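Student: Could you show me how to read a few features of a protein model? I would like the general idea and then the real case.
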Amino acid sequence: MEFSFSYYIGLAGIMVFTISGATAALEHKEHHHDVFSVFFTGFITAIGGGTLRDITLGNYPVSWVKDENILWAIFVGFLLVILLPKVVTKLRNELFLFDTLGIGIYTVLGTRIALDHGVNAFASALLGMISAIFGGVIRDTLMNEVPFIFRKEIYATACLAGSVLYLVLNEWECQANLNLIVSASLVVCIRLVAVRFNLGLPKLKIF
Amino acid sequence: MEFSFSYYIGLAGIMVFTISGATAALEHKEHHHDVFSVFFTGFITAIGGGTLRDITLGNYPVSWVKDENILWAIFVGFLLVILLPKVVTKLRNELFLFDTLGIGIYTVLGTRIALDHGVNAFASALLGMISAIFGGVIRDTLMNEVPFIFRKEIYATACLAGSVLYLVLNEWECQANLNLIVSASLVVCIRLVAVRFNLGLPKLKIF
Amino acid sequence: MEFSFSYYIGLAGIMVFTISGATAALEHKEHHHDVFSVFFTGFITAIGGGTLRDITLGNYPVSWVKDENILWAIFVGFLLVILLPKVVTKLRNELFLFDTLGIGIYTVLGTRIALDHGVNAFASALLGMISAIFGGVIRDTLMNEVPFIFRKEIYATACLAGSVLYLVLNEWECQANLNLIVSASLVVCIRLVAVRFNLGLPKLKIF
């Protein structure tokens, strides 16, 4: 039950991450990207974070190498972007909500996987966050831009908060599914509030 | 026989990838690169794709860590670039042919290695392509440029076509060496035709 | 004894690398980085090189995933930067010395770990260098800058010289601790001399 629940949410998250990556290529200012670029950027965005988590943990086989469904979810996301680009960009707000749900789920699943590998709490929190944000980091780096996590309103920090909550509730022996929902919800809430009120962390400047 | 055939072609491919990476550093517009940069860029270009494939598959030890000959092939390529830079840049057309042969071989060898790890067909095709293109992607990212696969005529797509053909012929139980030659040839042909006639994939633009 | 010696030096090196990464984010020209960016950049700089070495070797669990102390050393470095930014930037010269000591230690420890995995000498030398420099390379790439190893006075080459000396002395059955100190000292000396006299490797230019 937990598996199927988080599994299908995970597939939906993969598809949404693909769409966000593919539209980033579409909207790139300096270059007109071709069909392949749109696919590849979507693919990297969708699997980058989870792949980095898995190879850091030695968690083989890596998810998309093991489970072809992940690649089909990416393919569907890619098809939506190239066949219905205007619809996709109009649905920007809905996609934003989905993306936010996606990072919430990714964060807690990543934290869970790290814990299951016997990893210490600090590293588990970081690996949860890395699962959620690193696909986008790699996407932006390949697009030759400063990664969005260095520019946007609170994003990665929301993930960190969610994975810390997951660890605390896990320590208190909270039921697994409940913990997944509560902790992912924290990520979503922080992120929504941050975007709604344009909140960022304090900036540091010394020069 | 298959081993020795693909092995020596593979070493030649490594050397050519090194030369292409090292000359990219040499020709960089904004920075005059020193001897180390030329070596390092060549090294990264040559081993980047295969290393990423191996760590994604958990295929240890990684090829250049296991087989010192790969590093000597890189070293020879590096020496050619720093000792005979003008000759190397004059041989641009010949190198282009070699590079094209290299990506053809890399693609099918990468696909083969993925299949041997029991990986599904979709992921094997992607890992074959990643073997061939990712050294160049890392090279361009380190040079602070948009990766060539997002700019050039059909390149990664030619690799994908070759790995798909390899998978189909493999499914039909085509003899292994023959399949290697035929599928790599497809990559080479598509690439040569694309460059000759300046063909690209359809570009997408919505804004 | 060897463990504890190199272990505590290693933790100090981690902290200094964190500080160097975090201050790079602080001083970034175009973007004012927030607290999270400063932490994340410090974290990546500190663990990037060792993590890449470990996943290339299949050396699991990766150091910071296994040993929480590494993450606490990073956290202390991060706190120093955000609480005492002016002190940290005034101590620039002292930090430079520490950073230099850090790359010396990282280089020989990385070379040692590779040898312990039965890796050939050429690859061990490269993996020692990668341990020392790649955190900074990833940091600069994420900051959307050409990596410092392509710009600075002799840096990576000093690491290579140190790992080659380590391999030679190891071949001659030099006592392990003595070798560690002598080889790391070579890295430090070459680097200090290079910075003092503004020495670079010969540059290549053909156009």
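Student: Where does Glu173(B) lie in chain B?

Tutor: Glu173(B) sits in the loop that links helix H8 (156–171) and helix H9 (176–196) of chain B. Keep in mind that this is a predicted model.

Student: What should I look at in the backbone there?

Tutor: Start with the general idea: most residues other than glycine have a negative phi, and most peptide bonds are trans. Now the case: Glu173(B) is not a glycine, yet its phi is positive, about 60 degrees.

Student: Then which kind of peptide bond runs from Tyr60(B) to Pro61(B), cis or trans?

Tutor: That bond is cis, and its omega is near -10 degrees. Pro61(B) belongs to the loop between helix H2 (35–57) and helix H3 (63–66) of chain B. Look at chain C as well: Tyr60(C) and Pro61(C) are joined by a cis peptide bond with omega about -10 degrees. Pro61(C) is placed in the loop between H2 and helix H3 (63–66) of chain C.

Student: Next, helices. How do I describe two that pack together?

Tutor: Two packed helices are described by the angle between their axes and the distance between the axes.

Student: Which residues make the contact between H8(A) and H9(A)?

Tutor: From H8(A) they include Ala158(A), Gly162(A), Leu165(A) and Leu169(A), and from H9(A) they include Leu180(A), Ser183(A), Val187(A) and Arg191(A). Sorted by class, the contact of H8(A) with H9(A) has eleven nonpolar, four polar and one charged residues.

Student: At what angle do helix H2 and helix H4 of chain C cross?

Tutor: The axes of H2 (residues 35–57) and H4 (residues 68–83) of chain C cross at roughly 135 degrees and come within 10 Å. H2(C) and H4(C) are therefore oblique to each other. Their crossing is right-handed. Among the contact residues are Val38(C), Phe39(C) and Phe43(C) of H2(C), together with Ile74(C), Phe75(C) and Phe78(C) of H4(C). The contact of H2(C) with H4(C) divides into 13 nonpolar, no polar and no charged residues.

Student: What about helices from two chains, such as H4 of chain A and H7 of chain B?

Tutor: The axes of H4 (residues 68–83) of chain A and H7 (residues 121–142) of chain B come within 8 Å and cross at roughly 70 degrees. H4(A) and H7(B) are therefore roughly perpendicular to each other. Glu68(A), Leu71(A), Trp72(A) and Phe75(A) of H4(A) meet Ala121(B), Phe122(B), Ala123(B) and Leu126(B) of H7(B). By class, the contact of H4(A) with H7(B) has seven nonpolar, no polar and one charged residues.

Student: And how would I read a whole interface between chains?

Tutor: The size of an interface is often given as the accessible area lost when the parts come together. Between chain A and chain B about 3,000 Å² is buried, with 75% of it from carbon and sulfur atoms. Here 33 residues of chain A contact 35 residues of chain B.

Terms used: Residues are numbered from 1 along each chain as its sequence is written. Chains are lettered from A and ligands numbered from 1 in the order in which they are written. This is a predicted model: local features need pLDDT of at least 70, side-chain atom pairs count only at pLDDT 80 or more; totals for chains, interfaces and linings use all residues. Side-chain values use heavy atoms; hydrogens and water are left out. Axes are lines fitted to C-alpha atoms, for helices over the stretch in contact, and angles run from 0 to 180 degrees between N-to-C directions. Helices (H or I, at least four residues) and strands (E, at least two) are DSSP runs, numbered from the N terminus. Angles under 35 degrees count as roughly parallel, over 145 as roughly antiparallel, 65 to 115 as roughly perpendicular and the rest as oblique. A crossing is left-handed if the near helix is turned anticlockwise from the far one by less than a right angle, and right-handed if clockwise. Contact means heavy atoms within 4.5 Å. Ala, Val, Leu, Ile, Met, Phe, Trp, Tyr, Cys and Pro count as nonpolar, Asp, Glu, Lys and Arg as charged, and the others, Gly among them, as polar. Buried area is the accessible area (1.4 Å probe) that two parts lose on being put together, summed over both.
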